[in-house]
Amino acid sequence: RSSILRIPNPYGPRQQMKHAKYSIVGWFIRQAFDGGTLQVFGDGEQERDYLYVDDIVDAFLRVGATDRTDGEVYNIGSPERLRFVDMVDEVIRTARGGHKEHVPWPKDYERNETGSYRADTRKISTAVGWNADVLLSDGIRRTVEYYRAFRDQYWVRS
């Protein structure tokens, strides 16, 4: 038995915080805590789905709890339409640190930039009744609170 869930931009407590490879939201929270610069390429208007860990776990549990989902592929994502720059602003506001800097796109940015991405979650919603519940502002608040309490266990402050 197997199913596939496509997960866009996951974030939340207990994530890796040492570099940007696995979570841009987590990395930006760390940068904000450390008073760093959160770089936004171009105007930051591209839309993204940012998905809090509790919503991801809920999707996996719902899909795994029924045979009806065997062999299916599901997109999961946020109900919010969020621009990249809005996520950056929310991290800075909630973490109370860091600053935003708009920088030009690198010369070969087309190889790395996907443009806007919005997950179509109708299939999983119909199949198992799943919809993301945690809005970005609440998810970032929860994540920031966690790292305020346990930061020393995830990175050494420079």
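This is a predicted model: local features need pLDDT of at least 70, side-chain atom pairs count only at pLDDT 80 or more; totals for chains, interfaces and linings use all residues.
Asn9 is located in the loop between β1 (4–6) and β2, and although it is not a glycine, its phi is positive, at about 40 degrees.

Arg14 is another residue other than glycine with a positive phi, in this case near 75 degrees, and its place is in the loop between β2 and α1. With a relative accessible area of 61%, Arg14 is exposed. A positive phi, near 70 degrees, is also found at Gly35, which follows α1.

Ser23 belongs to the loop between β2 (10–11) and α1, and its relative accessible area of 5% makes Ser23 buried. The side chain of Ser23 is joined to the side chain of Gln15 by a polar contact of 3.0 Å, and it also reaches the backbone nitrogen of Gly26 at 3.0 Å.

When residues up to four places away in sequence are not counted, Ser23 touches Pro10, Tyr11 and Gln15.

## Helix α1 and its surroundings

Helix α1 is mostly covered, since 8 of its 10 residues are buried; the buried residues are Val25, Gly26, Phe28, Ile29, Arg30, Gln31, Ala32 and Phe33. These buried residues of α1 pack against β2, β3, α3 and α5.

In soluble globular proteins, nonpolar side chains tend to be buried together. The largest nonpolar core in this model has 25 residues, of which Val25, Tyr50, Met87, Val88 and Val91 touch the most other members. Two or more residues of this core come from each of the elements α1 (24–33), β3 (37–41), α3 (84–95) and α5 (136–150), and α3 gives the most, with 6 residues.

Around Val91, leaving aside its neighbours within four places in sequence, the residues in contact are Val25, Phe28, Ile29, Ala32, Leu38, Arg96 and Ile140.

Conventions:
Residues are numbered from 1 along each chain as its sequence is written. Side-chain values use heavy atoms; hydrogens and water are left out. A nonpolar core is a set of buried Ala, Val, Leu, Ile, Met, Phe, Trp, Tyr and Cys residues joined through side-chain atoms within 4.5 Å. Buried means under 20% relative accessible area, exposed over 50%, partly exposed in between (1.4 Å probe, protein chains only). Helices (H or I, at least four residues) and strands (E, at least two) are DSSP runs, numbered from the N terminus. Contact means heavy atoms within 4.5 Å. A polar contact is a pair of N or O atoms within 3.5 Å; within protein, one must be able to donate a hydrogen and the other to accept it, and residues adjacent in sequence count only if both atoms are side-chain atoms.
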